Amino acid sequence: MPALAGNGWMICGDAAQMVNAVNGEGTNLAILSGRLAGETAILAHIRGDYRARVLDQYTQSVQSSIIYKDLKKYSGIHGLLSGPERRVLFGKLPGVLNESLSDYMSVNGTTKEEKQKQLIHQLRDAAGGNVELLRLGLKGWRAINR
Ligand SMILES: Cc1cc2nc3c(=O)[nH]c(=O)nc-3n(C[C@H](O)[C@H](O)[C@H](O)COP(=O)(O)OP(=O)(O)OC[C@H]3O[C@@H](n4cnc5c(N)ncnc54)[C@H](O)[C@@H]3O)c2cc1C
């Protein structure tokens, strides 16, 4: 998250990078940060002082709100999605999932149990083996639990 306030300015929502890509949310963070900025603006208006030392109250409000806590929790996701794993995450895995789910939903004489086993095998192969799949899962878990 960038600096949120300075002399005569505060930023909220998308402009302040308050977007949670994992949960597909940003509207709620924009609304809440807008409210917190509004409350600080009222305070600054009452004092007649719009300098950073007053508007920094907004930064503190954001830091103790769910905005900061949630975004901190998911802060590892950017590194994961732009790191070396991106080839598997954006290339092989979606392809395998797409094919397997299409197969899973089709009636073709194969039982669901066999299809589930097949899916696990295909996912494992796409990730590069059991260890790699486990490693990827662990990295993913850590990336969304900072
Ligand atoms: C395809 C898509 C799907 C999404 N789905 C979801 C969802 O399901 N749930 C969810 O919570 N979030 C979702 N989001 C994210 C959500 O839309 C944003 O996080 C949210 O709208 C951010 O609000 P905001 O007020 O910060 O910015 P914005 O909504 O972008 O508002 C900024 C406004 O400022 C205006 N503006 C820009 N420059 C100037 C200027 N110089 N002068 C005057 N006005 C200006 C723009 O025209 C715009 O109206 C989605 C986003 C996208 C793109």
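Let me begin with helices H1 (residues 27-47) and H2 (residues 52-63), whose axes come within 9 Å and cross at roughly 155 degrees. Axes here are lines fitted to C-alpha atoms, for helices over the stretch in contact, with angles running from 0 to 180 degrees between N-to-C directions. Helices are DSSP runs (H or I, at least four residues), numbered from the N terminus. The crossing angle therefore makes H1 roughly antiparallel to H2, a term for angles over 145 degrees.

This is a predicted model: local features need pLDDT of at least 70, side-chain atom pairs count only at pLDDT 80 or more, and totals for chains, interfaces and linings use all residues. Residues are numbered from 1 along each chain as its sequence is written.

On the H1 side, the contact involves Ser33, Leu36, Ala37, Thr40, Leu43, Ala44 and Arg47; on the H2 side, Val54, Leu55, Gln57, Tyr58, Ser61 and Val62. Contact requires C-beta atoms, placed from the backbone, within 7 Å.

I turn to the second pair. Helix H5 (residues 86-105) and H6 have axes that come within 10 Å and cross at roughly 165 degrees. H5 is therefore roughly antiparallel to H6. Among the residues making this contact are Val88, Leu93 and Val96 of H5 and Leu119, Leu123 and Ala126 of H6.

Helix H6 itself (residues 112-127) has 16 residues and reaches 22 Å from first C-alpha to last, close to the 22 Å expected at 1.5 Å a residue; that expectation is 1.5 Å times one less than the number of residues. Just after H6, Gly128 adopts a positive phi of about 100 degrees.

Technical notes: Helix = DSSP H or I, 4+ residues; strand = E, 2+ residues; numbered from the N terminus. Parallel < 35°, antiparallel > 145°, perpendicular 65-115°, else oblique. Contact = placed C-beta atoms within 7 Å.
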